[in-house]
Amino acid sequence: MPSGNVIRGARVGSTPQRPAERSVPAPRRAVAYWCRNDHRIEILIAAEAEAPPVWDCPHCGQPAGPDAQNPPGRVRTEPYKSHLAYVKERRTPEQGEAILAEALAALRQRRGGA
Ligand SMILES: [Zn+2]
């Protein structure tokens, strides 16, 4: 059975830990993100790197985006739209008046028993 170090060339404690020579930290910039729970996250990325569009919020795990007013995953700002709201999107008030007048005329005609 051969004796000696199994791991050749590994000498414990022989070389001191190299100081961080020539490892000047790369320039970095801060990028802020907001999640839909109004958490603000600031991360540091390399100055020349493009900021990722989404970052996971470390507080709640929700995706966070760079736009504070419009974080990703937010439920629509318009929570509920009534049927009337949809109709108003499709028709102008003038069209609405015309349709109403038409409907009233038809109703009056029916009521009048023509
Ligand atoms: Zn969050």
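**Entry 1: the zinc site**

I began with the spacing of the zinc donors along the sequence, which reads C-x3-H-x17-C-x2-C. I kept in mind that this is a predicted model. Next I asked which atoms hold the zinc ion. I found the SG atoms of C35, C57 and C60, together with ND1 of H39. They lie 2.0 to 2.3 Å from the zinc ion.

What is the arrangement of the four donor atoms? I looked up the angles they subtend around the zinc ion and got 104 to 116°. The arrangement is therefore tetrahedral, since all angles have to fall between 85 and 135 degrees for that label. I noted the ideal for comparison: four tetrahedral donors have angles of 109.5 degrees.

C35 is in strand β1, residues 28-35. C60 is in the loop between β3 (55-56) and β4 (63-65). The pair is 25 residues apart in sequence, so it ties together separate parts of the chain.

**Entry 2: the donors one by one**

H39 comes out at 25%, so I wrote it down as partly exposed. C60 is also partly exposed, because its relative accessibility is 29%. The cut-off I used for buried is under 20%.

H39 lies in the loop between β1 and β2. C57 lies in the loop between β3 and β4.

I listed contacts next, leaving out residues up to four places away in sequence. H39 touches Y33, W34, C57, H59 and C60. C57 is in contact with C35, H39, I41, Q62 and A64.

What is its phi? It is positive, about 65°, although D38 is not a glycine. I noted the background: most residues other than glycine have a negative phi. D38 is in the loop between β1 and β2. It counts as exposed because its relative accessibility is 59%.

**Entry 3: the nonpolar core**

Which residues make up the largest nonpolar core? I counted eight: V31, Y33, C35, I41, I43, I45, C57 and A64. Strands β1 and β2 (40-46) are the elements that give two or more residues to this core. I saw two zinc donors in the list, C35 and C57. A general note: nonpolar side chains tend to be buried together in soluble globular proteins.

Setting aside neighbours within four places in sequence, I43 is in contact with R29, A30, V31, Y33 and W55. V31 and Y33 are core residues as well.

**Entry 4: one aromatic pair**

How many aromatic pairs are there? I found one. The pair is Y33 with W55, with ring centres 6.3 Å apart. Their planes meet at 25°, so the pair is stacked; the limit for that is under 30 degrees. Y33 is in strand β1 and W55 in strand β3, 22 residues apart, and the pair links these distant parts of the chain.

I checked burial here too. Y33 is buried, because its relative accessible area is 0%. W55 is partly exposed, because its value is 34%.

I looked at R28, which is in strand β1. R28 counts as exposed because its relative accessibility is 56%. Where does it meet the rest of the chain? Beyond its neighbours within four places, R28 is in contact with L44, I45, A46 and A47. The C-alpha atoms of R28 and A47 are 4.4 Å apart, though the two residues are 19 places apart along the chain.

**Entry 5: the whole chain**

Last, I stepped back. The chain has two helices and four strands. Their order along the sequence is β-β-β-β-α-α. Of the 114 residues, 11% are buried. I also looked at contacts between residues at least 6 apart in sequence, and 29% of them join residues at least 24 apart.

How values were computed. Residues numbered from 1 in each chain as written. Predicted model: local features only at pLDDT ≥ 70, side-chain atom pairs only at ≥ 80, totals over all residues. Heavy atoms only, no water. Donors = N, O, S within 2.8 Å, 3.2 Å for Na, K, Ca; no water. Tetrahedral: all angles 85-135°; square planar, octahedral: opposite > 155°, others 65-115°. Buried < 20%, exposed > 50% of the residue type's maximum accessible area, 1.4 Å probe, protein only. Core = buried A, V, L, I, M, F, W, Y, C linked by side-chain atoms within 4.5 Å. Contact = heavy atoms within 4.5 Å. Phe/Tyr/Trp six-rings, centres within 6.5 Å; stacked < 30°, edge-to-face > 60°.
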